Amino acid sequence: MGDLNAHINENDLDFISSDHVKSLQDILPNSYLADNVHYRRYCTKKNIKTDEYGKRVLELCISSRSRILNGRTLGDTLGKPTSHQYNGSAVVDYCIVSNNMLKMYVFFTVKDFTVHSDHCPINVCLSLNFSQVQQKVGRPIPKGLHWNNAVQKCYTEMMLSKEVESNVQSFLGKDRVPQRNGVDEATEDLTDIFHNILDKLRSHLNLPKGNRFKSKKRKRKKSSLGFDSECESMYRNLIQSSRSLSKGSVNEEKLKNYYGLKKQFKKLVRKKHDSIKQRCLIPCWN
């Protein structure tokens, strides 16, 4: 699933069309699986010629019994273009799935054109049947503790105490099954020992139970060098142009207008950036 940069005509098949004929059953081996595909692909662009990459994609689909969802699945039955360039639109982004999993894909859609890329996003929806397994919920992770000399001294005394020594002796003397259940049980017992030590350490030193680590405030990202109101105004015009492409039908006039504005916007930002650099360097030269 993604940009394969391949142009494929709708009349070129990604499966073998006549291998399910009854007259071939006596010739083909018993292990042969016929390509029982009931729907051909459709594409809004009728005059596209299959290029070299497209031929390779078709060979891959036939040899691996995989199928192209574009122009064949609910949500994109007409083969909507996925790439819009200054010289036209075409289908170059594909979703290819195994023939055995073809019925699991409920729909395939090509999203609207945006300013962020000259390729439209594509997505699929699968219908899966699975049973939910209840997993054991793990214990919460203890809060952070600021380590200093006082904490170190108190921790050392507690580790050398008779209570901890007896807990460790009982932990080592317990018989466990050398399997997964036994390892999980040993891990729980050892974790309980350290949790008890941590709780007593907090109560003995009157430490807060909350987390000492404070969330850092995100710094507001500063605007790029030279990006002033003129650049922002042109950027808004570029956004409006991309929205007009996504709402209505994409034609050559709208595409040329969009890519023309995009070229002017990049040129203006580069010019502003260079002018700011010149202003900063002139005092250094003098």
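Contact here means heavy atoms within 4.5 Å. The structure is a predicted model, in which local features need pLDDT of at least 70 and side-chain atom pairs count only at pLDDT 80 or more, while totals for chains, interfaces and linings use all residues. Residues are numbered from 1 along each chain as its sequence is written, and side-chain values use heavy atoms, with hydrogens and water left out.

**View 1. Surroundings of Leu69.** Neighbours within four places in sequence are set aside. The residues in contact with Leu69 are then Cys95, Val97, Leu102, Tyr105, Phe108 and Val124.

**View 2. The largest nonpolar core.** Such a core is a set of buried Ala, Val, Leu, Ile, Met, Phe, Trp, Tyr and Cys residues joined through side-chain atoms within 4.5 Å. Buried denotes under 20% relative accessible area, exposed over 50%, and partly exposed in between (1.4 Å probe, protein chains only). The core comprises 21 residues, and those with the most contacts inside it are Leu69, Phe108, Leu238 and Tyr258. At least two core residues each come from strand S7 (105-110), helix H5 (229-247) and helix H6 (252-285). H6 supplies the largest share, six residues. Helices (H or I, at least four residues) and strands (E, at least two) are DSSP runs, numbered from the N terminus.

View 3. Gly54, Val57, Leu58 and Cys61 are the buried residues of H1. They lie on the same side of H1 because they cover an arc of only 100° around the axis, taken from the directions from the helix axis to the C-beta atoms. These buried residues pack against strand S2 (66-68) and strand S6 (96-98). Arg56, Glu59 and Ser63 are exposed on the face turned away from the buried side.
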